[in-house]
Amino acid sequence: MLSTAFTKLVGCTAPIQQAGMGGAATPALAAAVADAGALGMVNLVMVPADEVAAALEELRRRTSGTVGFNVLMPFLDPAVVEAAASRVHVVEFFYGNPDPAWVDRVHDGGALAAWQVGSVPEAKAAADAGCDFVIAQGAEAGGDVRGQISLLPLLDGVLEAVEVPVLAAGGIATARGLAAVLAAGAAGARVGTRFLATSESNAHPAYIDALIRAGSGDTVLTTAFSVMWPDAPHRVLRSCIEAAEALPGDTAGEMAIGALTMPVPKFSVPSPTRDTTGTIEAMALYAGQSVGATSTVMPAGEVVRELTGGAERLLRSALS
């Protein structure tokens, strides 16, 4: 397997981090990714701390692999951070200025701290704040996008600026993509869209079907889905914007958040999960520019093995 500074730091055997993709990144997906040797991530936005703690306790019983928890700073709950830090290997922050106080809280709980960044200054700030590793997110990424430039120029600058391990994020969904960022000096890759179309993903089947049908040119970086989170750039399938614009009324459907059921306002942030009802195609269908490589649903463990095995062969071939 591919051993890097990242795999040694977090205790993985595969240099891959599964992205924390809203309601799709459930403990079931994280466990499958972790069992395959990569870093599985859970995202439980707006779920109360006691429910987060229970979910993470169950996750620890399901896998002996490496798992982490994703925190979106605009929805920060201190009690959730504390619950996660004592139950997972990594707590990762995103979409806010790196803050040493939160990094210290994570370390006090016993976990490694990471920050996903979109610029070289933000990467420096994360390293200075004490983060154990950083994730450099290029503008090709799906979901909420912090990066304003393409991944490779960003990665080059971040690698020059910090000494902690750096993961590359944005548009990576194939063995060739993983090999490319490893060859460029990254310690691993953060993969999102490819893990949406897996048997363990909690993404709605109609959402997954839309991903499989889409090509790399079918995504757009926009601020269209800004209800609940104003003016935050994100990359989605262009088709969902068109469907939302044509949708009558102010509500697209309903979905569960923890034990509660809530309406999904038109042009709001949540992406549809398996138990979401309503006009799925008019909800936020996040996707990166790697979506063209997502052509079939497969187990998450097979995705990890396909990417790592293929990348290793490509790198060995390049050196032979």
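Start by selecting Leu-44, Val-45, Met-46, Phe-75 and Val-80, which lie nearest the centre of the second largest pocket, among the 14 residues that line it. A pocket here is an open set of points on a 1 Å grid over the protein atoms alone, where a 1.4 Å probe fits and protein lies on both sides within 12 Å along at least five of seven lines; lining residues have an atom within 4 Å of a point. This is a predicted model, where local features need pLDDT of at least 70 and side-chain atom pairs pLDDT 80 or more, while totals for linings use all residues. Residues are numbered from 1 along each chain as its sequence is written, and side-chain values use heavy atoms, without hydrogens or water.

Now colour β3, which gives the largest share of this lining, four residues. The lining divides into twelve nonpolar residues, one polar and one charged, with Gly counted as polar.

Next, select Gly-20, Met-21, Gly-22, Gly-23 and Asn-43 to reach the centre of the largest pocket, which is lined by 49 residues. Its lining has 26 nonpolar, 20 polar and three charged residues.

For the last stop, show helices α6 (residues 120-128) and α7 (residues 151-161), whose axes come within 9 Å and cross at roughly 35 degrees. Helices are DSSP runs of H or I with at least four residues, and strands are runs of E with at least two; axes are lines fitted to C-alpha atoms, with angles from 0 to 180 degrees between N-to-C directions. Select Val-120, Ala-123 and Lys-124 in α6, and you will find them meeting Leu-154, Gly-157, Val-158 and Ala-161 in α7, where contact means heavy atoms within 4.5 Å.
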